[in-house]
Amino acid sequence: MQTKPRMWEGDPCLRNGRLHTRQGNVTESHRSRKSDFARKCIAIILLHAIFLFAILAALIIGHWISEENQKLNRTMLNTTLTEAYLLEGSMANTATPVMHDHKHTRLLTTSSGQRKGPPRVLEKKRNFTLVDVFPPPPDGGFGIAEQLHAIRGNKLTTDALLVPLPLYILPYHYDLKFDFTKFDTDLLIRANVSIYLESYGNSTEDEIQFHLGPNVKVERMRLRKDGRKFYAKTFKREDSKKLGRISLRDPLQKGKYVLEIEYNATICDDDVDGVRCSLDNQTNSSLKATSFTTKFEPTLARAFFPCWDEPGVKATFNISVKHDKRYVVLSNMPGNPPLGHWDEQVTTTVFQTTPPMSTYLVAFAIGEFVKLETRTERGIPVTVWTYPEDLMSMKFTLEYAPVIFDRLEDILEIPYPLPKVDLIAARNFHVGGMENWGLVVFEFSSIAYTPPITNHVNETVDRMYNEFRIGKLIAHEAAHQWFGNLVTMRDWSELFLNEGFATFYVYEMMSIERPLTAQFEYYDSLATLVAAQSSEDHRLSLVRELATESQVELSFHPTNLYTKGCVLIRMIRDLVSDYDFKAAVRRYLRRNAYRSVSRDDLFASLPAYADHGAEQKKLSNVLEGWLVNEGLPEVTLIRNYDNEMMTISQRKTLDHDYRSYLKDRKSNSRQSRSAEDGSTLFDDTLFEGYIEKKTERKRKLRPTRRKTSTPPSISPTARRDELRKPRRVGASQDLWTIPITYMFGSLKTSEGQVIREFWLKNRTVSFGDAEISPNQAVLVNPEWKYPYRVNYDLLNWKLLARTLHQNHLEINNKSRMQLIQDAEYFLSNSNNPHLYLYLLGYLAHESNINVMLFGIDAVYRFIDVFKATQLNKAILVYFEPVISQMDHLLNESQVDAETASLWLVRPERLSKLYQMRCAAGLASCKNEFHTQKWSKSPDEWTEDVHKQVTAVCHQLFSSPLEAVKTVNELLDSRLHSSGAKWALTVQLAACSHDQKLLRKTARAVVGTKNAAVYASALQSDFSLHYNGAFRKYLWTEISKMSIFEKTALFSTNTTTILPASRVLLHSVKTIDELQQIRSLLTNWGPLLTLHFEYLERYLLWVSSVSQGVLHQFFAADLSNF
Ligand SMILES: [Zn+2]
């Protein structure tokens, strides 16, 4: 399955763009026009993101009051929500409720979902300490899916335990006869199923258990053995576990049984997921459906037909559907020509028998669909189904899908096993795509794209962005046809066997056409993963016990499952070599075709040993830790510069350990840590040896032939035997077997760069390396190959930073990305933030756009932390050459469409750059120009919206009051508007220094009674400035609210802090402001009190380092640093 893609799609952004820019002068070249169009594209996406943010945030966290107390004024809230919907109406095609603007999603990434979801780490704890305080993640965006799941799924409140069904009787075949003739009018289906069961050996068991959704109403039931009736005593339902239980008069005997059930099931009911209906709005009297598609993953097949609904239990299926002739009915296999008389209204479609497959992959679609057809190279029909009006937008999908299937067949050397593949662009589907075998269902907009009729060069970025987005999704679902459908994980706890491989092959497929974007997006996701796994809230292990349905649902997490799974598969490949990996994957698929597997089956197909340096390690032992351990490791290198000794140690990474303002915490029971002072344990008995990198093994590549035979099916008995294998989850530890690589030396010397490798299995090793001279930097994990963080002693950090300044090309660009990430993590909140600042300074020479995109985030966050301090100006001056270089790379990247589309991986980076260049006072801000333009026609936000608003905001903030008087007046008059106009007016007014306007704006914001609007106003997306006056007025207005409202807003009486409260509190940048908030209430409750203590320490640290080390840093001569 693919959760909604990270980037939602707006209107193809360049279609509306005018072909000539107004600001362009006559000599402006074609190149700069193109560049403007690419930026416009991004800017329009950004604008949509803001609006979408407003809607989603309002929906999700805006209802803090109504949640807390029904008595409060609902009308007010509803007005806000209505406005939000009005906003949505103004951008017709952008209804996909998923955000890519991670800055905004901060609001969602906190823990409000906890009450609905399964118990999470935080809830287990009772005594909160400072380490339980987590500020909203800066902009990683992890946790969104959890939130959306939790919010969407009211059904999760009726969470069901996953009860493994007994193994003494199992199905091997289903005959499913459906009647869909009443689905549209009565919203129900009728069916007659015969489940062919095998009972293994004479047993004393006299009960048959199977899964049965509460919406399935059984009418008749019969059990037969060898054609004769077999008497049941009772039939009971256990709806809390979604089970049916038949107790028998006599114990089961060895042999075959048939269970026949006649039933009807309601569909299109919000409480019953699994069937997604398109409802006809035109019918007033009663609801009518016009089509539906199904998605049974993970545990929803039972809501459609009684079954053994576990991924490991595979069976074959004969399916037939009686339906109205005007509808098309689709299922996993090809349907025979409809039966029945030509003049009858009703017909029956009979589908071919499926191969053995899991119930969660069975699928249906019915509706008045139309189709586009093509074929793979091997002649397999690929059909795209949709609604007649949408056919045009499926062109790319139709062209690209067979290419992907051909490629996968080539790489995997196993032909796609079914006789056809249908792709359907469904409406009202709530995930991006679902890989049902042979019938892949997509949410319409996630594969729809109508290319512009003209083929203007300026539209290239737009097209590439859309094709990449759609291509990824198709590749993901196509890879599942092998990984998941042909070979299926036996237990949901090992879902990474599905999603890890599917995500891995997305990058493999996409890097054929789009190497730059695919590579950058991989490292961007890796960074998000490492950030998520460094936070106690989010560092989930890949393999873990899943006890309830909702735990399984929540495990479909874009970062903790998809990215982590992909990174681990990639690690396997890097450890065993590409050649061995490919062979192992083919072996894995061939051996386990039509079976269900555990990770042991994957291990059995992989090479038994992996070498890294001189020593070999058993691969399964290496991988186990990476799979079952929570979080990710960090590796610390401490050098002794006097005696050439080095100590390398590992531990589980946790971001709070590097916030120096939390250092004196007493309550922390974790082992004492000592990364900064260099006193790491010295134990050379643990030394495991290291050796210079061996030359790359050269192997002769065998020519590959595409195999045309499908692997043979296996017997139900064999399948049942594999189900009996014990289930294994594994306990999390904080030790990993880590492939350590380190590098030193210079490309400019005759020795060149030296690389050494060894396995780190223990906590720590110490050894000497006489070849490294004390003034050489040592770099660990070159090319950011493996997913662990690296910390160094301070001098080595300094040497690395110096190398970057002197010649950054000595360090590979992927390593530069990792250095920026790790330096921020280990240094930015330490007592040595100046070292981090110094390192970032090298970006003034950075020439690689990928690295610079990481740099934009890092520099932005640094400026943001200190923006309310006296150093703000000095920091901006220091970064000016860096920001100029970012500008330069932005311009340069626009020459090539693929490079330009890198900005679309996270378009909010562009908005950050706009803010930074204005804050640093660069000419490219064009504040006066944009302010004049906007004052003349304030409703024309057709292009470069972020650029323009940011520039106007900067003008308001930085000009004397008299100079912007008319702009302030204009804003004042527009505070009465509504919808998008109002939102932008508020954002702009918050940049002003006009006290009257600020007071009025604060009143308007607080008047919405919507926490999302408050948070959004405090965290402007258009300005890096700190407008203390506006914030003061806003808190003053909030102070006028009743105690009851304030208590609700800050959720002071709950054990979990609401997202809104967390964002509001943590947006504070000065101690004074914190005091002002503190005075809002007398009793803040234990959790909020902790947040205050946290923030107080943090803000004191900000002021002390800015007056201390940072101040000295700016006063000193940097050339001697
Ligand atoms: Zn998937």
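This is a predicted model: local features need pLDDT of at least 70, side-chain atom pairs count only at pLDDT 80 or more; totals for chains, interfaces and linings use all residues.
Residues are numbered from 1 along each chain as its sequence is written.

**View 1. The open sheet β9-β10-β15-β12.** Four strands make up this antiparallel sheet; strands are DSSP runs of E of at least two residues, and helices are runs of H or I of at least four residues, both numbered from the N terminus. Two strands pair if DSSP finds at least two bridges between them. At the edges lie β9 (275–280) and β12 (328–331), each pairing on one side only. From one strand to the next, the twist averages 20 degrees, with axes fitted as lines to C-alpha atoms and angles running from 0 to 180 degrees between N-to-C directions. β9 and β10 (residues 288–294) are joined by 6 antiparallel bridges.

**View 2. The disulfide of Cys-268 and Cys-277.** The S to S distance is 2.0 Å; a disulfide is a pair of cysteine sulfur atoms within 2.5 Å. The link is left-handed, with -80 degrees about the S-S bond. Both cysteines are buried, where buried means under 20% relative accessible area, exposed over 50%, and partly exposed in between (1.4 Å probe, protein chains only). A search of the whole structure finds 3 disulfides.

**View 3. The disulfide of Cys-918 and Cys-925.** The sulfur atoms lie 2.0 Å apart. This disulfide is right-handed because its S-S torsion is about 90 degrees. Cys-918 and Cys-925 are both buried.

**View 4. The disulfide of Cys-953 and Cys-991.** Here the S to S distance is 1.8 Å. A torsion of about -80 degrees about the S-S bond makes the disulfide left-handed. The pair links distant parts of the chain, 38 residues apart: Cys-953 is in helix α27 (residues 945–958), and Cys-991 is in the loop between α29 (979–989) and α30 (995–1007). Cys-953 is buried at a relative accessible area of 1%, and Cys-991 counts as buried at 4%.

**View 5. Helix α8, residues 395–412.** The 18 residues reach 27 Å from first C-alpha to last, close to the expected 26 Å; the expected span is 1.5 Å times one less than the number of residues. Of these 18 residues, 13 are buried. Just after α8, Glu-413 has a positive phi of about 55 degrees.

Notes. Side-chain values use heavy atoms; hydrogens and water are left out.
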